[in-house]
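This briefing sets out selected features of the structure shown below, grouped by topic. Please read each group alongside the sequence and the model.

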Amino acid sequence: MKEIIFHKKRFRRILATALSALLTVGAAAGLPQRTAAVEEPAERSLKVLAIGNSFSEDAMQHLYQIAADAGATEIVLGNLYIGGCSLATHWGNAQDNRPAYEYKKNTNGTWSSRGGSTMEYGIKDEEWDLITIQQVSGLSGMADTYNSDIENLASYIRQTRLNRRGRLGWHMTWAYQTGSNHGDFPKYGRDQMTMYNAIVSAVQQKILTSDSFDLVIPSGTAIQNMRTSYIGDTLTRDGYHLSYNLGRYIAGLTWLKAVTGWSIDEIAYVPSMSEIPASLLPVIKQAVNNAVEHPFTVTPSSYVNDPVFDDLYKRLDWEPEGTGYWNSGNGGYAAEPTVNRAAGNSKNFIPSARRFTKADIPVGSIIEVDEGYQYRPDGWAPEGAEAPGRPENITARQMVVDKAFWDKYEYRAFNLAAVDGSDLTGKEDEAAAHLRIYVPDLVKYTQLDWEYICPAFWNSDGGGYAADPKPATTGDLAKRYVASAKRFTKEDIPVGSVLVVDPGYQYRPDGWAPEGGGAPGRPDNVSTRQVVVGDDFWSKYEYRAFNISIQGSNADLTDQAEEVAGHFRIYTRKAGGKAIQSFSINGAEGAFSGNVITVALDEGTDLTKLTPEIVCSDGASLSPASGVQTDFTNPVRYTVTAEDGTTQIYIVTIQLKKVYDYSKYDLLDWEPAGLAYWNSGDGAYSENPSLNATADNSKYFVSSGRRFTKADIPAGSLLVIDAGYQYRPEGWGYAGAEKPGRPGNVTVGVTEVGADFWENYEYRAFNVAVVGNNTDLTGKEEETAAHFRIYIPKSAAKDVLSFSIDGVQATIIGDRISLTLPGGTDLTKLAPVVTVSDKASVSPASGVQTDFTQPVVYTVTAEDGSVQTYTVTVTVKLDSIPGDMDGNGEVTIQDVMEACKVLARQSAGKAPAEDEMLRGNLDGDDKFTITDVMEICKILARKA
């Protein structure tokens with residue numbers, strides 16, 4: 001039976017073709033399927049909430065950008081996060097409605113967080129299309145821990161969710177890296193495949209047999225598939241959490257593919273162009289596609305040999321020729337040795353036609369041989385040197401030429417043979433293809449002599465600026481590393497350079513920020529075989545230095561320094577480059593994240609006709625070109641082609657930002673109080689908390705001098721923070737209410753205060769700091785305070801509350817005002833009394849003498865400048881003649897007809913008007929009856 005992921009309900013937004021295929025598979029597996037026709041949706045959306053821990057955080061980190069590149073138009077991601085949280089803890093939190101979660105949310109490509117959140121809050125925050133749960137990693141392969149907590153959680157989610165058609169998914173996580181020091185690894189005998197198989201078995205036993213789940217997301221299988229490629233077991237940053245870029249990217253692609261069924265084949269977004277070059281994408285996508293197709297089985301990668309990148313290596317013709325073999329004997333010097341083609345066993349070998357020198361096959365070259373074959377790199381020492389012995393046959397699939405390869409030899413030559421000793425006569429060409437030699441393309445690159453020292457290591461700590469740091473050169477720790485003798489700048493290692501490390505080795509590209517540039521953190525160790533230096537390599541750092549070490553080893557490298565140093569190489573480009581260096585539209589500069597460029601433009605901008613200005617690497621070409629008018633309604637792909645023909649794709653997206661008219665706001669004095677900070681802790685109510693101005697870290701903050709209430713900062717206010725700065729909107733809950741948690745720092749430019757800002761808090765106060773929280777602000781208090789501003793909306797009220805003339809009150813209905821004055825009133829000179837909303841003005845002003853012979857328009861202007869017009873109509877009571885219903889000054893047969901009409905309207909329920917009663921109620925009984933009509937007739941008769 002074919003393995004499947006979608007096995008009950010189907011995602012209502014997948015493309016019709018994908019859904020049809022999935023339904024066919026479901027039918028084959030004997031699972032229920034929907035028979036109704038499904039139309040392709042006009043828009044793709046992705047609204048997913050994970051209830052998890054750091055493993056769900058890893059999986060979702062890059063999902064927004066991946067989905068956006070896939071064409072999703074509405075993306076909302078959420079993660080109810082507790083580090084190391086198990087199913088049992090999640091269920092306990094749900095039962096007690098504990099505010100135990102850090103609720104992380106992403107609606108625009110950036111993750112924000114809200115502390116002290118309940119599970120209920122996160123579930124009800126959106127109409128989620130999918131909600132996922134997972135077991136904590138250490139118990140993920142323990143089927144007995146998949147107990148009633150699962151069904152209880154599933155039931156709770158179904159009852160709590162807003163979207164009754166939403167689905168419930170299971171996140172199947174990954175096994176630990178070989179050699180991991182995680183405390184739960186011994187449960188699986190410290191064996192990766194034992195752990196992976198246990199995870200699969202637990203899911204098959206407990207999740208696939210449950211009616212609660214609609215799909216399984218096989219992140220663990222995708223990671224395991226990738227581990228069978230030439231990348232190997234290098235996908236975590238600490239033995240269990242995924243590496244920040246590559247590992248998390250693989251998991252993110254798996255989520256998109258498993259959840260939506262959309263194709264990932266055309267996705268070009270990567271979080272790091274240096275760690276995930278374009279050549280690696282086919283390897284990753286194969287692993288993910290195979291995982292979704294076969295979620296409970298490891299599918300070996302077809303990319304088992306480390307690829308040779310066209311921009312760094314070229315294939316060497318090793319000149320195979322006929323059959324025969326070289327024999328260097330004891331490896332001693334030989335002026336002109338020859339190939340032995342006459343021996344009985346010559347037919348078993350294919351030799352190179354000549355010997356090679358170090359100039360032909362330099363350090364850093366790669367030699368590959370396929371399974372079932374071997375080669376002997378015969379070697380001859382320099383003249384007069386000691387004979388080093390004849391080299392052994394090599395069957396290793398791949399070998400990197402290091403300094404030791406040439407250490408004792410001046411010449412090397414090659415004999416290729418089948419491992420089983422087969423006769424290769426007539427098979428020379430076929431056999432020769434099984435040995436390949438790749439050499440650095442030194443026409444494009446120069447190998448940098450980076451000058452090492454040992455024992456030594458650099459430590460940039462938080463990555464902050466350091467004027468003249470020195471590597472540590474003493475102690476046992478220093479003996480584990482070989483370090484670069486100096487720090488490098490971007491000029492030394494420009495964008496487009498290549499960093500190469502051999503299997504089994506790693507390097508830390510320690511980094512220091514520019515002076516005053518904050519502390520971006522110390523870089524992690526890198527074991528990725530080849531990294532192309534991109535803009536992101538230098539974006540936060542002014543200097544880089546390198547520590548090289550053996551993976552998983554604490555060995556003393558003092559006597560191996562030269563050998564170890566040879567396993568790390570730096571190649572700088574002689575020419576070329578394919579980077580977009582700057583991208584702007586209408587003066588707005590694009591922000592770079594990997595190969596994604598985001599340009600923020602004002603809301604209302606016409607995206608169909610934008611003309612970007614683009615600067616690329618020298619000598620590179622660009623398509624579409626700079627200055628070409630382009631439609632940016634959807635993300636646009638730009639291809640940069642270097643002089644050497646290699647390319648790099650960039651994805652440009654437009655982010656529309658709301659435009660605020662600050663003339664409609666008042667700037668609030670938030671009363672900065674110097675170097676100090678508030679700490680609301682868990683957000684519990686506090687009657688009179690105080691500022692901390694004595695702690696050592698007080699110098700990092702400028703804080704408000706008091707706490708504020710909703711009356712001070714109402715909904716609709718704006719909180720504005722400048723780039724490079726952040727603020728924490730500390731909050732205290734209501735007396736006796738649930739503790740909402742301490743808010744996180746905010747670095748977003750403009751935040752509009754909504755109802756949720758005050759939902760759980762009675763008081764808020766502010767701490768302002770430089771991003772990174774470690775910049776001393778002494779003497780910079782006023783300057784820092786200016787980088788945070790609070791704008792309070794001006795009043796928009798613009799109502800006429802009352803309108804009167806000579807004590808007569810008008811009737812106000814909508815934007816119409818009317819009143820009737822006594823007969824004989826002169827309408828040309830009236831001075832009305834007008835009252836309007838607080839802070840509003842009116843024109844004509846109250847008390848201004850005005851001519852009301854025609855309707856008059858009054859304009860009320862609110863504090864925020866908005867206006868409302870009112871039309872005022874004034875009438876005068878006429879002197880009435882009894883029976884003169886039409887008011888023309890005489891009684892005629894027409895008045896009898898008018899009286900009959902009034903009587904008819906009265907019968908239909910509409911009372912006579914005041915003036916109609918005045919003229920027509922002739923019998924004085926305050927009623928309009930047929931008797932009154934007869935009285936008018938009598939007047940008419942007497943008149944005749």
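In strand β46, Val872 is the bridge partner of Ile817. The model is predicted. Strand β42 (residues 816–821) pairs with strand β46 (residues 867–876) in the parallel sense, over six bridges.

**Strands around β46**

- Strand β45 (residues 856–861) also pairs with β46, in this case in the antiparallel sense and over six bridges.
- Strands β45 and β46 form a hairpin with five residues between the strands.
- Within that hairpin, Gly865 adopts a positive phi near 95°.
- As background, the strands of a sheet pair through backbone hydrogen bonds, either parallel or antiparallel.

**Strand β21 and its partners**

- Strand β21 (residues 543–550) is mostly covered, with six of its eight residues buried.
- Strand β19 (residues 505–512) pairs with β21 over eight bridges, and the pairing is antiparallel.
- Opposite Pro509 stands Phe546 of β21.
- Strand β17 (residues 482–484) runs antiparallel to β21 and is joined to β21 by two bridges.
- Opposite Val482 stands Ile548 of β21.

**A four-stranded open sheet**

- Four strands make up an open sheet in the order β8-β14-β10-β12, and their pairing is antiparallel.
- Strands β8 (313–316) and β12 (398–400) are the edge strands, each of which pairs on one side only.
- On average, neighbouring strands of this sheet are turned by 25° against each other, direction ignored.
- Strand β10 (residues 366–369) and strand β14 (residues 435–440) run antiparallel and are joined by four bridges.
- The bridge partner of Ile367 is Ile437, which lies in β14.

**Packing of helices α4 and α6**

- Which angle and axis distance describe the packing of helix α4 (residues 87–96) and helix α6 (residues 148–160)? The two helices pack at an angle of about 40°, with their axes 9 Å apart.
- Because of that angle, α4 counts as oblique to α6.
- The crossing of α4 and α6 is left-handed.
- From α4, the residues Leu87, Ala88, His90, Trp91 and Ala94 meet Asp149, Ile150, Asn152, Leu153 and Tyr156 of α6.
- By class, the residues of the contact between α4 and α6 comprise seven nonpolar, two polar and one charged.

**Packing of helices α7 and α8**

- Helix α7 (residues 192–206) and helix α8 (residues 219–227) have axes that come within 11 Å and cross at roughly 150°.
- That angle is why α7 is described as roughly antiparallel to α8, for which the cut-off is over 145 degrees.
- The crossing of α7 and α8 is left-handed.
- Gln192, Met193 and Tyr196 of α7 meet Gly220, Thr221, Gln224 and Arg227 of α8.
- The residues of the contact of α7 with α8 divide into two nonpolar, four polar and one charged.

**Val283 in helix α10**

- Val283 belongs to helix α10 (residues 281–293).
- Is Val283 buried or exposed? Val283 has a relative accessibility of 2% and therefore counts as buried, as the cut-off for buried is under 20%.
- Neighbours within four places in sequence left aside, Val283 is in contact with Met226, Ser229, Tyr230, Ser301 and Tyr303.
- One of these contacts, Ser229, is 54 residues from Val283 in sequence and 7.4 Å from Val283 in space, C-alpha to C-alpha.

**Thr118 in a loop**

- Thr118 lies in the loop between β4 (111–117) and α5 (119–124).
- Thr118 has 8% relative accessibility and so counts as buried.
- Which residues does Thr118 touch, not counting those up to four places away in sequence? They are Leu80, Asn97, Arg98, Pro99, Tyr101 and Glu738.

Notes
Residues numbered from 1 in each chain as written. Predicted model: local features only at pLDDT ≥ 70, side-chain atom pairs only at ≥ 80, totals over all residues. Heavy atoms only, no water. Axes fitted to C-alpha atoms, helices over the stretch in contact; angles between N-to-C directions. Parallel < 35°, antiparallel > 145°, perpendicular 65-115°, else oblique. Left-handed = near helix turned anticlockwise from the far one by under 90°. Contact = heavy atoms within 4.5 Å. Nonpolar A, V, L, I, M, F, W, Y, C, P; charged D, E, K, R; others polar. Buried < 20%, exposed > 50% of the residue type's maximum accessible area, 1.4 Å probe, protein only. Pairing = 2+ DSSP bridges.
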